[in-house]
Amino acid sequence: MDTVERLTKEHYQKCMEQRFKELVATKGLEGVQTEVNDLDWESTFFLRHLPHSNISEIPDLQDEYRKVMKEFALRLEKLAEELLDLLCENLGLEKGYLKKAFHGSKGPNFGTKVSNYPPCPKPDLIKGLRAHTDAGGIILLFQDDKVSGLQLLKDDQWIDVPPMRHSIVINLGDQIEVITNGKYKSVMHRVIAQTDGNRMSIASFYNPGGDAVIYPAPTLVEKEADENNNLYPKFVFEDYMKLYVGLKFQAKEPRFEAMKVIESNVNVGPIATA
């Protein structure tokens, strides 16, 4: 983790910091006087691990950084699957149920968003990252141990998630909420930009495969009262993602309702856990 942090920060300073400053200048963001609602104060790039890695194709990465991120991703993939089995145990589902539900025909999607949140002159007007729930499954976040900014919404209050050294913060996305029939909720969160300090954020997303069919686990639906049986839709994950792209920074409930409209076309087969 120390090596990942060091190389990530070195890469930002060497390859991305100047680009971000130029972007800020071209958009005139340094002198904004009113709230900006369509932009995030972040510098990012994406790595794909599963089903096929693209790390070798990302420009400007040092060989050492590529090697370390591949190793880091393997460790996080294993951790994500262990956590999914713990969720199964908590819910009374068969071990392996969630992993199989995510599998689709080609296995899960797994990727990493590497972000830096540079110092922002107007954090009251520009969010580091606007409030949203994540679309996917389980999210493993390795965040800066000195610069804060991450907040989650609990009981209608924004709560700080403090920097913690050598820790992975676990978040849950919309797919976990659907499969668990709402037993676990996806978490609304945001990043507040800071006036000083550059915050590092490495978020790895263990998501269903594109053609995975997502729906509430039948045993969890059966335990609910009849009036709660139809809270969540059945859908193909890639269809949900197409909808999510345009509605990421809006409430999740209308997304679920929109997917109900097309769920009659989804062929749902049993999930084998053997």
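In this predicted model, ring pairs join Tyr232, Phe235, Tyr240, Tyr244 and Phe256 into a cluster. Within the structure as a whole there are eight aromatic pairs. One of them is formed by Phe20 and Trp41, whose ring centres are 5.2 Å apart with 85° between the planes, an edge-to-face arrangement. Phe20 belongs to helix α1 (residues 2–27), while Trp41 lies in the loop between α1 and β1 (43–50), so this pair ties together parts that are 21 residues apart in sequence. Phe20 and Trp41 are both buried.

The relative accessible area of Tyr232 is 10% and that of Phe256 is 4%, so both residues count as buried, the limit being under 20%.

A ring also takes part in an arrangement with a charged group. The charged end of Arg130 sits over the ring of Phe249, at 3.9 Å from the ring centre.

The side chain of Ser167 reaches the backbone oxygen of Met164 at 2.7 Å. When neighbours within four places in sequence are left aside, Ser167 is in contact with Met1, Leu141 and Phe142.

These local details belong to a protein with seven helices and eleven strands. Its radius of gyration is 19 Å, close to the 19 Å given by the globule rule for 274 residues, so the protein is as compact as a globular protein of that length. The C-alpha trace spans about 55 × 40 × 30 Å along the principal axes. Of the 274 residues, 48% are buried. Among contacts between residues at least 6 apart in sequence, 80% join residues at least 24 apart. The accessible surface of the protein amounts to about 14000 Å², and 52% of this area belongs to carbon and sulfur atoms.

How values were computed. Residues numbered from 1 in each chain as written. Predicted model: local features only at pLDDT ≥ 70, side-chain atom pairs only at ≥ 80, totals over all residues. Heavy atoms only, no water. Polar contact = N/O pair within 3.5 Å; in protein donor to acceptor, adjacent residues only side chain to side chain. Contact = heavy atoms within 4.5 Å. Phe/Tyr/Trp six-rings, centres within 6.5 Å; stacked < 30°, edge-to-face > 60°. Helix = DSSP H or I, 4+ residues; strand = E, 2+ residues; numbered from the N terminus. Buried < 20%, exposed > 50% of the residue type's maximum accessible area, 1.4 Å probe, protein only. Lys NZ or Arg CZ within 6 Å of the ring centre and 35° of its normal. Rg over C-alpha atoms; globule rule 2.2 N^0.38 Å. Areas by Shrake-Rupley, 256 points an atom, 1.4 Å probe, with all protein chains shown as cover.
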